[in-house]
Amino acid sequence: MTALPQTPAIHEPDPVVRSRSLILGSRLMLGANLTAQLSFLFAYLYLRANNNNGMWHPDGVSPPPIGLAVTVLVLQVAAFAIVWAASSALNRQPGASGFVRILELGLIVGVACLAFRLFQITHLGWTPDKGTYVDVSILWFFFLAAQVFIGILWLIKLLSGQLRRTVPVTVADLRSAAEYWAFVTVVSLGVFLLVQYVT
Amino acid sequence: MPPRRRTLINIIAGTWAVLAAAGDIALNSLPLPPGSATDIAGSETQVIRILAMMAWPIFVAVVAGLVFTLYVDRVAPDAREFDAQTLRGNSRVQTMWIAGSTTIVLGVAIFGTITLANDTTVPTVAQAVPNTPLEVQVIAQQWYFTYRYPSFGGFESAHLVIPSDREIEFHVTSLDVTHSFWFFAAGVKADAVPEHDNSVDMQPLKTGTYRIECSELCGIWHGSMSDDNAQIVSAGDFNTWAQQQQQLDAPIMKFLPPYSHTYVPAPGAYGS
Amino acid sequence: MVDAVAVSKTPAAPRPLSRTLHQWGLLLGVIGAVLGFLLGYFLGGLGFVDNNSNGSNIQILLAYSLSAVGFLAGMGFFNRLIGSLLGQRPPTLADEAYLHGEGAGLSRYFRLTVDHKVIGMQYVVMILFFLFAGGLGAMLIRGELLSPQPSYVTPESYLTLVGLHSVIMIFMASAAIIGPLGNYFVPIMIGARNMAFPRLEALTFWLLPPAGLILLSSVFLGGFPTGWTGYAPLSDQAVLGMDAYLVAFGLIGLSIMLSGLNMITTVITMRAPGLRFTKLPIFVWGVFITSWLGLLAAPVLASVILMEVFDRTFHATLFVPAGGGTPYLWQNLFWFFGHPEVYIFIIPAFGLIMEMLPVFTRRPLWGYRVAVGGMLGVGVLSFFVWQHHLFVSGIAPALRPFYMFSTEAISVPTGIIFLVALGTLWRARTRFTVPMLFVGAFLFNFLIGGLTGVFLSDVPADFSLHASYFVQAHFHYTIMGGEVFALVGGLTYYLPKMTGRQLNARAGRRQFWVMFISFNSTFLCLLAVGMLGMTRRVISYQPELQGLNIAASISAFVLGASMLFWLGMIVWSLILRPALATQKNPWESLGIEWQLPTPVPTYNFDTVPVTWALPYEYDTGQPAAIPGRTQPALAGGTPT
Amino acid sequence: MRLRVAFLGLALIIVGAGIALFVTLYLIKTPPAVTAATTNNSVEGLPVVNVTLTTVGAAGTGPHPNWVAYLNDNGDPSTYIHAPANSVIHMTINQQDSASGLRNEYFGLVRGTVDNSMKVNGKTMQAIDPTTAAHTFTIPDLGVSVPLLGVTSDQQGNPPQNVVEFDFKVPGPGLYRWQCFVPCGAGTLYGNGGPMQTLGYMAGELVVS
C-alpha cells in the first residue's frame with residue numbers, strides 16, 4: 001500500500017478528453033431522443049391504422065391552422081439555420097467573437113418559435129377526448145416544445161458564459177448545440193408533415 | 001490424456017447417456033399437461049413433450065460438463081497449484097458449438113412454425129364428421145366470463161358448455177379491460193381485448209368438466225375470475241342443455257343486444 | 001457583470017456557505033422534497049383539470065414530480081446548471097476535489113459526491129435495501145399462497161403486494177450489477193480517474209431513492225393493481241397509487257437512460273492510452289453493451305409513460321378503444337422497452353461471471369472474442385423479440401413465426417456464454433472459493449432459465465404456458481437464479497476491494513448451499529404448478545395445487561432466511577467484527593483493480609499505465625497493467 | 001463500541017417493528033362484517049338466515065364519502081357477509097340508488113335464487129330492463145345473480161327505495177367473492193374503478209363457516 005506514490009490531491013481533467021466526451025454524450029442523447037420520437041411515430045401510425053371505433057379522427061376535428069403551423073416551422077428552421085451559421089462562423093475563425101451576434105439572433109428566433117408553438121397548442125380547439133389523432137398530436141407538440149425549451153437553455157448557457165467571459169464558447173460546444181437544433185428541426189418538419197397531411 | 005482421466009470421461013459420458021435416455025423415455029410416457037381433451041391441447045402437449053425431450057439431454061450434458069470440469073479438477077480454495085496448459089480458445093470447437101446450436105434452434109423454430117400452421121388451419125382429426133364449426137362467443141368483463149351462442153338465437157350463459165362432436169370457433173372479446181380466456185385443458189388461451197375479436201378454432205376430443213380462468217391481470221377479482229364447471233358434453237346432452245338454457249334466458253332475451261363480434265356497450269368508457 | 005469581476009478577482013476562493021449547505025444536502029433534499037410535494041399538491045389543486053371520483057391525478061403527479069425535483073435541488077444538483085445558465089465561472093479544481101469527497105470521511109457517503117467509488121458504495125446499500133424490501137414482499141406473497149383461498153391478505157392488498165414486489169425487484173435488478181460494481185470498477189478497469197460525466201453519474205444514483213420511496217408510498221394511495229407491466233386500460237382505471245407507479249417508473253427509466261449514456265461515453269472516451277476494445281476486461285464489455293440497451297430502450301418507456309399520464313390525467317383515449325385507442329399500443333411500446341430491459345439485467349451478470357471465472361480457474365478466458373460476440377448478439381437480438389409477449393394477444397398472427405425464430409435465435413449467443421464458461425473450466429484446477437460456487441450456481445440456474453425460455457418462445461407451447469407460473473418461474477430462474485446469484489457472488493468477490501473486509505468463507509459456503517438448494521426447490525415447484533395450469537398473480541388457485549404451493553412457500557422461506565443470513569454476514573464483516581487487516585488481493589487476481597491499494601485513492605491512479613493486456617494471463621502471473629508506473633511491454637501484452 | 005452496536009441494534013428493531021406493524025395493518029384491513037341473523041324458518045329443510053343491506057349512491061362516511069356503497073345496518077360501507085354453512089340466506093336489499101345501466105345486459109336476469117326469481121317491493125320478477133339496473137348482487141361461484149332496480153326520480157318515500165328480497169342456498173364452508181356488475185364507479189374508466197375494486201363498497205366476500 002505504501003509502495004505507490006500518493007495520488008495528487010487535485011486532479012485536473014484532460015480538456016481534450018472532456019470535449020470529446022461532451023460531443024459524444026450529446027450525440028448519444030440524440031440517439032435516445034430519437035427512440036422516444038420513434039415511439040411517438042409508432043403510436044401515431046399504429047393508432048391511425050387501427051382507427052378503433054372510428055375515433056382516430058372523428059368529425060369536427062381539423063388539422064391545426066396551416067398559417068400558424070407554417071409560422072412555427074419557419075421559425076424553427078430559421079433558428080436552426082442561424083445557430084448553424086454561428087457555429088460555422090466560429091469554426092472559420094476560432095477565437096473571434098463575431099458569432100455572438102448571430103447566436104443572440106438565433107436565441108431570439110428560438111424563443112419566438114417556442115412562444116408560437118405554445119400559442120398553437122393552446123389555440124387548437126382540441127380536447128383530449130376528441131379521438132387519438134388529437135391525443136398523439138398534442139402530446140407530440142408538447143414534447144417538441146420541451147425540446148425547443150432545452151435548446152434555448154443550451155443557447156443561454158453558451159451565451160452567458162461567453163458574454164460574461166467566464167466560459168468562452170468552444171467550437172465543439174457550439175457544434176453540439178447546432179447538431180441538437182438540427183435534430184429538433186428535422187423532427188419538427190416530420191411532425192408538421194404528419195400532422196398536417198397524414199391525418 | 002492420462003488413463004484415469006479417460007476413465008472419468010467415459011464414466012461421465014456413460015452417466016449422461018443413461019440419464020438422458022432414461023429421462024427421455026420417462027418424458028415420452030408421462031401424461032404431460034395440458035392433455036388431449038382437444039386437438040390443439042394434444043398438439044401443445046406434443047410440442048411440450050418434444051421440447052422437453054430435446055432440452056433434457058442438453059441440460060444433462062451441460063450439467064455433466066459443469067460437474068466434471070468443476071468437481072473432478074477442483075482444488076482447495078487456498079491451493080497454489082497451477083495448470084501449465086493455457087487454452088485461449090479453439091475456433092473449431094467454437095464453430096461447431098455455434099453451428100450445432102443454430103441447427104437446433106432452426107429445427108425448433110421450423111417445427112414450431114409447422115405445428116402452429118397446423119393448429120391455425122383446418123383441424124386434422126375431425127374430418128370424418130362433416131359439419132360447420134359451432135361459433136361460441138366468449139365475453140369477458142370485470143370479473144366474469146359469459147358465453148353467447150349465436151346459432152341458438154344468441155342466448156347467453158354463465159358457464160361454457162360445448163358439444164364434443166363439432167369444431168368450436170371461439171370468438172373472444174371484452175367489454176372493459178384486457179382479460180385472457182384460458183381454457184387450460186383445451187389448450188386455448190386468447191386475450192380478451194375490448195373492441196377486438198380474437199378467434200381460436202379447436203376440435204374437442206373428450207367429454208368432461210374442466211376449468212376456465214382469466215390469465216391476464218384485470219383488477220381486484222382477477223384471481224377469482226375462474227369457473228370450474230366448463231363442460232364438453234355429447235351432442236345430445238348439448239342440445240338438451242341449450243334448450244334448457246334458452247328457457248332460462250327467456251325473460252332477458254329481448255334485452256340482449258344483437259349478436260356481434262365486438263360490442264361498444266352503452267355506458268361508455270367514462271360513464272354516460 | 002459586477003459579479004463576474006468579483007469572481008474573477010478571487011478565482012479559487014472557498015465558498016464556505018455553499019459547502020455547508022452541500023454538507024447537509026441530504027437533509028436539504030428531504031426538505032426540498034417536502035416543499036416540492038406541497039407546492040405540487042397546491043398547484044394541482046388549482047383546478048385546471050377535472051378530477052374523477054378516484055381523486056385528483058394531477059395533484060398527485062405534480063406533487064410527486066416536484067418532490068423529486070425538490071429533493072435533487074436540495075441535494076445541490078441544479079447549482080452547476082443554474083450557475084452555467086447565469087454564466088458563472090466553472091468550479092475550481094478545489095471545488096471539484098471537494099465534490100469528489102477528497103479528504104472527507106464517512107460524510108461523503110451522505111451527500112452529493114461525484115467520486116464513482118462513493119457512488120458505487122451508495123448503490124450497494126440502496127440495492128440491498130430494495131432487494132430485501134422486495135424480498136419481504138415475496139415472503140408475504142408466498143405466505144398468502146399457502147392456502148388456495150384468500151387468507152390473511154385481502155385481494156386488493158394482494159395485487160398491490162404483487163405489484164410492489166415486481167416493480168421493486170425490476171428496479172433493483174436493472175441496477176443491481178451495473179450500479180454497484182459497474183460504477184465502482186468500470187472506470188478503474190479502463191484506467192480512468194472518474195466517469196466521463198461525474199455529476200450525471202451522481203444524478204443516476206440519486207434519482208433512484210426518490211423513485212423507490214415514491215413507489216413504496218403508493219400503498220398510502222390505495223396501491224396499484226397492474227403488476228409491473230402496468231397494462232392499459234387497467235391502469236387507466238386504477239386508483240391514485242397508479243400515479244406513484246408512473247412517476248417512479250419514469251424516474252427509473254430516466255436513471256437507466258442517463259446511466260447508459262454515461263457508461264458508453266466513459267468507455268469510449270476515457271480508456272487509458274493503449275487500451276483497445278480488444279483488451280477490455282469482459283465485465284466492461286458486459287456493462288458497455290448493457291448501456292446501449294438502456295440508452296435506446298428506456299426513452300420508449302419514458303414516452304409510453306407520458307402517454308399513460310395523458311390518458312389518466314386528461315382523459316385522453318390513447319389506450320381506450322371506445323375513444324380510438326388500443327391496449328396493444330401500450331403492450332407494443334412497453335415490451336419494446338421491456339424485453340431489452342431483461343437483458344439489461346442479465347448481460348452485466350454474464351460479464352461478471354466471466355470476469356471471475358479466470359481468477360478461480362487460473363487461466364485466460366477461453367474464447368474472449370466469441371464471448372464478446374455472444375453478448376453483442378444477445379444485445380442486438382433483444383430489440384427484435386418483444387412480440388413474443390403478445391403471442392396470445394390476438395394481434396399480427398402472421399408475425400408469430402418471425403418472433404418465434406428471433407426469440408429462439410437468442411439462445412445461440414446465450415449458448416456461447418456457456419461454451420466460454422465450459423471452455424474456461426475445462427481441465428482447469430478450479431479453486432472452490434465462495435464466489436466460484438456462485439459462478440457454478442449461476443450457470444446451473446441460468447441453464448434452466450434458458451431452456452424453459454425455449455418452451456415459452458415456441459408459439460404452440462406458449463399457448464399453454466403463457467402468463468402461467470411457468471413464466472414466473474422462468475424469469476425468476478434468469479433474474480433471481482442468474483442475476484442475483486451473480487450479484488451475491490460478485491459482492492463476495494469484490495467486497496474485500498471495496499471495503500477492505502472479507503466475508504467469512506465457511507459461513508459463506510454453508511449459506512451458498514442453503515440458498516442454492518432452496519432456490520431450486522422453490523422454483524422447480526413453481527415451474528410444475530405453471531405447467532399444471534396455475535395463472536400468475538392470483539390470490540386463489542386450484543385446491544389440488546396446494547401441495548406444490550406449500551412446498552414452494554416453505555422453500556421460499558428458507559431462501560429468504562438464507563438471504564437474510566447473507567445480509568447478516570455483510571453487516572457482521574463491516575460493522576460488528578473488529579476491523580481485520582485482510583490481504584490486499586485475497587483471490588490473487590491479476591485484474592488492475594486488485595493492483596490498487598485498498599481503499600482506492602480518490603483519483604484511482606497516479607499515472608495511468610499505457611501498456612495493456614487482457615488481465616487473464618495467469619500462466620505468466622503478470623498483471624495486465626500496474627497502476628502508478630509505466631510498464632514495459634508485457635509478453636503478449638502489447639497493443640495490437 | 002458496545003454502545004454503538006446496542007444503539008444500532010435498537011434502532012433496527014424499532015424500524016423493523018414499525019415496518020412490520022404497518023405492513024400487517026395494511027394487509028389485514030377489512031371492512032366491518034355483516035353477520036347473518038338466524039330465524040326459525042326453513043326452506044326445503046334448510047334453515048333460513050336473514051341478511052339486510054342497503055345500497056346508496058354515496059356512502060356518506062368513511063374515507064370515500066362520495067363512492068357508491070353497500071351499507072350495513074349501522075350505515076357503514078360493508079360487504080363482508082358471515083353466514084352458516086348449508087343454509088338459505090334470505091337477502092333484503094334496500095336499493096336507494098338510481099339506475100346507471102348494465103354493461104352486459106345478461107345480468108338483468110335473476111339467476112341462482114330459489115325459484116330463479118326475486119321480489120321487488122313485493123312483486124315477483126324474473127328479469128329487469130338492463131338500463132334500469134342500479135346494481136347487481138352477484139356471487140359468481142354460486143351462480144347467484146340478482147339485478148337491483150334503480151329508483152326513479154318520481155318515486156315516493158323517504159328515502160325513495162326499492163326493497164329487493166330473494167333467497168339463495170349456501171353450500172358448505174368456504175369463501176365466495178361477490179360483486180356488482182353495473183359499472184357504477186362513476187368517473188373511472190368503464191365505471192369499474194374505485195368502489196368497484198375496493199372491498200366494503202361494491203366488492204365483497206361471503207364467508208361461509
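This is a predicted model: local features need pLDDT of at least 70, side-chain atom pairs count only at pLDDT 80 or more; totals for chains, interfaces and linings use all residues.
Of the 19 residues of helix 4 of chain C, 18 are buried, so the helix is largely enclosed by the rest of the structure. Gly76(C) follows helix 4 of chain C and has a positive phi, near 100°.

**Domains of chain C**

Chain C is divided into domain 1 (1–109) and domain 2 (114–576). The centres of these two domains of chain C, taken over C-alpha atoms, are separated by 31 Å. Where they meet, 21 residues of domain 1 of chain C are in contact with 21 residues of domain 2 of chain C. Helix 4 of chain C gives the most to the domain 1 side of this boundary, with 10 residues. By class, that side of domain 1 of chain C has 13 nonpolar, 6 polar and 2 charged residues.

**Confidence**

For the complex, the predictor gives an ipTM of 0.91 and a pTM of 0.92. Two of the chains may be set side by side.

| Chain | Mean pLDDT | Residues with pLDDT of at least 70 |
|---|---|---|
| Chain C | 87 | 92% |
| Chain D | 86 | 98% |

Chain C averages a pLDDT of 87, but over residues 1–13 of chain C the pLDDT is below 50. That stretch of chain C has 9 contacts in the model beyond near neighbours in sequence. The pLDDT also stays under 50 over residues 629–640 of chain C, for which the model has 26 contacts beyond four places in sequence.

**Contacts between chains**

There are 5 pairs of chains in contact, and among these chains B and C share the most contacts. In this pair, 77 residues of chain C are in contact with 73 residues of chain B. Several helices of chain C give two or more residues to the side that touches chain B, including helix 8 (155–175), helix 17 (400–409), helix 19 (434–457) and helix 22 (505–531). The largest share of that side of chain C, 9 residues, comes from helix 18 of chain C. The side of chain C that touches chain B has 44 nonpolar, 22 polar and 11 charged residues. Chain A and chain D, by contrast, are joined by no contact, and their closest C-alpha atoms lie 13 Å apart.

**Chain A**

Chain A has 5 helices and 0 strands, and its pattern along the sequence is α-α-α-α-α. The C-alpha trace of chain A spans about 75 × 50 × 25 Å along its principal axes. Chain A has a radius of gyration of 21 Å, whereas a compact globule of 199 residues would have one near 16 Å. Buried residues make up 40% of the 199 residues in chain A. Of the contacts in chain A between residues at least 6 apart in sequence, 80% join residues at least 24 apart.

Helix 2 of chain A, residues 66–92, has 27 residues; at 1.5 Å a residue it should span 39 Å, and its end C-alpha atoms are 38 Å apart, which agrees. Its buried residues include Val72(A), Leu75(A), Phe80(A), Val83(A), Trp84(A) and Leu90(A). Gln76(A) and Ser87(A) are also among the buried residues of helix 2 of chain A. The buried residues of this helix pack against helix 3 (99–122) and helix 5 (171–197) of chain A.

**Chain D**

Chain D contains 1 helix and 13 strands. Read along the sequence, the pattern of chain D is α-β-β-β-β-β-β-β-β-β-β-β-β-β. Along its principal axes, the C-alpha trace of chain D spans about 80 × 45 × 30 Å. Of the 209 residues in chain D, 47% are buried. Among contacts in chain D with a separation of 6 or more, 67% are accounted for by residues 24 or more positions apart.

The domain assignment of chain D gives domain 1 (1–30) and domain 2 (31–208). The centres of domain 1 and domain 2 of chain D, taken over C-alpha atoms, are 42 Å apart.

Definitions and conventions:
Residues are numbered from 1 along each chain as its sequence is written. Chains are lettered from A and ligands numbered from 1 in the order in which they are written. Two residues are in contact if their C-beta atoms, placed from the backbone, lie within 7 Å. Helices (H or I, at least four residues) and strands (E, at least two) are DSSP runs, numbered from the N terminus. Ala, Val, Leu, Ile, Met, Phe, Trp, Tyr, Cys and Pro count as nonpolar, Asp, Glu, Lys and Arg as charged, and the others, Gly among them, as polar. A residue is buried if 20 or more other C-beta atoms lie within 10 Å of its own, exposed if 12 or fewer, and partly exposed in between; C-beta atoms are placed from the backbone. Domain bounds come from an automatic or database domain assignment. pLDDT is the predictor's confidence in each residue, from 0 to 100. The expected span of a helix is 1.5 Å times one less than its number of residues. The radius of gyration is taken over C-alpha atoms; the globule rule is 2.2 Å times the number of residues to the power 0.38.
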